[in-house]
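Good morning, colleagues. I would like to take you through one protein model, from its overall layout to a few particular residues.

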Amino acid sequence: SFYKNSRSMNLHTLKQNLNRVINADIIDVGAESTRPNSKPLTEDAELKRLDVIFNNIDLFANKTLSIDTYKPFVAKQALINGFSIINDIYGGQDEEMLLIASEFNIKIILMHITH
């Protein structure tokens with residue numbers, strides 16, 4: 001969200017951006033900006049933005065994908081669709097996020113954001 005060229009909602013741009021990070025082991029994907037003064041998205045809007053990733057998950061066959069979200073339902077959908085790490089900027093304040101990480105037996109990154 002801070003790097004303007006990483007914002008993409010189409011397959012062509014996704015492929016271009018993937019080529020730029022081809023040597024990365026872990027790719028952290030976020031669909032909602034958390035930069036200062038950004039507007040929050042609904043779960044549906046966030047998932048809609050992630051559809052291009054979910055529908056083209058084969059492009060990431062040799063990558064570990066981290067979902068950058070604070071919404072448990074979004075995190076769960078990402079895990080169902082091939083992601084294997086949660087990056088929660090609210091540090092697990094929503095207990096459901098921790099339960100999902102446990103249920104899927106995956107790693108969770110607990111970040112901190114101020115309002």
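Which pattern does the protein follow when read along the sequence? The pattern is α-β-α-β-α-β-α-β, and the secondary structure comes to 4 helices and 4 strands. Helices (H or I, at least four residues) and strands (E, at least two) are DSSP runs, numbered from the N terminus.

A word on the source. This is a predicted model, in which local features need pLDDT of at least 70 and side-chain atom pairs count only at pLDDT 80 or more, while totals for chains, interfaces and linings use all residues. Residues are numbered from 1 along each chain as its sequence is written, and side-chain values use heavy atoms, with hydrogens and water left out.

Of the 115 residues, 35% count as buried, where buried means under 20% relative accessible area, exposed over 50%, and partly exposed in between, with a 1.4 Å probe and protein chains only. Taking contact to mean heavy atoms within 4.5 Å, residues 24 or more positions apart account for 50% of the contacts with a separation of 6 or more.

Let me turn to the interior. A nonpolar core is a set of buried Ala, Val, Leu, Ile, Met, Phe, Trp, Tyr and Cys residues joined through side-chain atoms within 4.5 Å. The largest such core has 20 residues, and those touching the most other members are Val-29, Leu-50, Ile-53, Leu-65, Ile-67, Phe-83 and Ile-86. At least two core residues are supplied by each of strand 1 (26–29), helix 2 (43–54), strand 2 (64–68), helix 3 (72–80) and helix 4 (95–104). Helix 2 gives the largest share, 5 residues. Beyond its neighbours within four places in sequence, Ile-67 is in contact with residues including Val-29, Leu-50, Ala-78, Phe-83 and Ile-86.

How do helix 2 and helix 3 pack? Their axes, which are lines fitted to C-alpha atoms over the stretch in contact, with angles from 0 to 180 degrees between N-to-C directions, come within 10 Å and cross at roughly 15 degrees. The two helices are therefore roughly parallel to each other, a term for angles under 35 degrees. On the helix 2 side, Glu-43, Glu-46, Leu-47, Leu-50 and Phe-54 meet Phe-73, Val-74, Gln-77 and Ala-78 of helix 3.

Finally, Asn-105 lies in the loop between helix 4 and strand 4 (107–110). Asn-105 is not a glycine, yet has a positive phi of about 55 degrees. Its relative accessibility is 71%, so Asn-105 counts as exposed.

Definitions and conventions:
Angles under 35 degrees count as roughly parallel, over 145 as roughly antiparallel, 65 to 115 as roughly perpendicular and the rest as oblique.
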